[in-house]
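Hi,

Here is the structure I promised to pass on.

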Amino acid sequence: WGFSRWRDRPRQSLRWGAPGVTLPLAGFTLLTILGLDPAPTHRTMVVAMMLLMMGGVYLFVVNEQPDLRPSVIAVLLIQGSVAVGQFALQRDLGLQWLGEPVLDVHQSGISVLSARGRRWLRAYGLAGHPNLLGATLAALLLLLVAETDAGRDGKRTSFALAASAGMLGLVATFSRGAWLAFGLGLVCWIARRVTRSSQTHAAFKPGAPFTLGRPLKEHVHLIVPVALALLLLASSHDLVLSRFFQLDSPTEAPSIEHRQVDAGLAVRLIRQHPWTGVGAQNYLPAVRAIESNSRTVHNVFLLTGAELGLPGAALWLWVTLSVLARPAAPTWASWTALTVAGLFDVAVHPTNNWFASVLVGLTAAGASIPRVRGSGAAAGREEGTRHAA
């Protein structure tokens with residue numbers, strides 16, 4: 001994209017998007033770069049690549065406003081299918097050449113559940129952890145639904161297949177944070193969709209009562225994915241219950257205790273380095289100098305504050321609130337899901353892994369584009385109305 005733009009449109013300036021989103025994101029990027037070693041170490045190169053991916057995706061979406069459905073459908077089909085296969089077979093599928101981890105339910109460090117007197121493997125997909133896969137699937141499912149708001153009949157079969165794979169994969173992660181994130185994101189999307197449908201209905205039929213019939217009819221293709229997800233949840237009800245009501249088990253209790261201890265250590269690091277932080281991806285060496293068996297804190301804001309100091313945390317809070325304040329954006333529900341997931345895990349931190357860097361750039365750009373593509377605009381065009389850009 002960059003090369004073709006340089007070749008074909010050298011005199012056309014780039015669009016940078018809404019200042020309320022672009023400025024804090026640029027500030028976050030700058031602070032991260034300033035915290036890196038000047039030498040080309042492994043850490044410097046990895047973080048720089050992630051920042052480049054986040055910024056590149058952000059500018060691409062802001063300037064080109066592409067149809068994201070084909071890419072999202074492909075990712076949901078691949079990741080969801082691999083996740084379902086892993087959960088069904090209780091092992092990896094031998095796809096290490098695609099980035100799949102080696103998964104053995106009896107191996108230490110592998111995320112499992114304890115139910116029915118045995119250990120159950122949680123789905124990883126092609127990600128590094130079930131929580132990362134869960135957050136990714138939640139955000140992409142919500143993005144796919146938003147991108148399909150116009151309801152094109154020719155796309156409903158591929159949508160149903162992708163959404164089914166994504167929903168089943170999301171269930172198979174057994175990620176509580178991802179489930180909560182998807183649920184709240186779905187509520188946000190429903191609220192936005194119903195509000196827009198109500199406004200459109202009132203504009204063309206003043207005084208007539210609004211009903212949910214039309215939105216339900218437009219999204220009837222959601223029935224199969226939701227039904228399949230509910231069926232898997234019902235058949236695995238004891239595994240689901242173990243994640244919420246057996247918190248004193250040998251599997252859950254240590255995880256909860258570690259999270260509480262790690263949060264306290266992250267706050268301690270912030271107090272020790274309030275303005276500069278310890279540097280991007282330098283959290284573990286810094287915290288292990290205090291407590292040798294510490295792990296990464298499971299909260300995006302605490303991790304950002306520890307690595308970039310209070311200025312970095314303030315910038316991240318700024319960009320988060322700026323996107324949340326734009327409910328008309330097609331990626332609003334997805335950003336909501338990523339924000340909620342970030343309260344329980346750092347899998348969605350943009351310098352933690354390249355999945356997150358792409359998702360953050362993509363969803364932030366959706367709220368920063370100069371015009372909104374979505375159900376309201378599409379409905380207006382179908383009714384022959386004109387909308388301001």
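Predicted model: local features only at pLDDT ≥ 70, side-chain atom pairs only at ≥ 80, totals over all residues.

Let's start with the inside. The largest nonpolar core has 77 residues, and Tyr-58, Leu-76 and Leu-170 touch the most other members. By nonpolar core I mean a set of buried Ala, Val, Leu, Ile, Met, Phe, Trp, Tyr and Cys residues joined through side-chain atoms within 4.5 Å; buried is under 20% relative accessible area, exposed over 50%, and partly exposed in between, with a 1.4 Å probe and protein chains only. Helix H5 (residues 130-147) gives this core its largest share, 12 residues. Helices are DSSP runs (H or I, at least four residues), numbered from the N terminus.

Beyond its neighbours within four places in sequence, Leu-76 is in contact with residues including Leu-137, Leu-140, Leu-141 and Leu-144, where contact means heavy atoms within 4.5 Å. There is also a second, separate core of 12 residues, with Leu-265, Ala-286, Leu-303 and Ala-306 among them.

Helix H14 (residues 332-341) is mostly covered, with 10 of its 10 residues buried; Trp-332 and Trp-335 are among them. Leu-52, in helix H3 (residues 42-64), counts as exposed because its relative accessibility is 60%.

Residues are numbered from 1 along each chain as its sequence is written, and side-chain values use heavy atoms, leaving out hydrogens and water. The mean pLDDT (the predictor's confidence in each residue, from 0 to 100) is 87 for the protein. Over residues 372-389 the pLDDT is below 50.

Cheers

Notes
Helix = DSSP H or I, 4+ residues; strand = E, 2+ residues; numbered from the N terminus.
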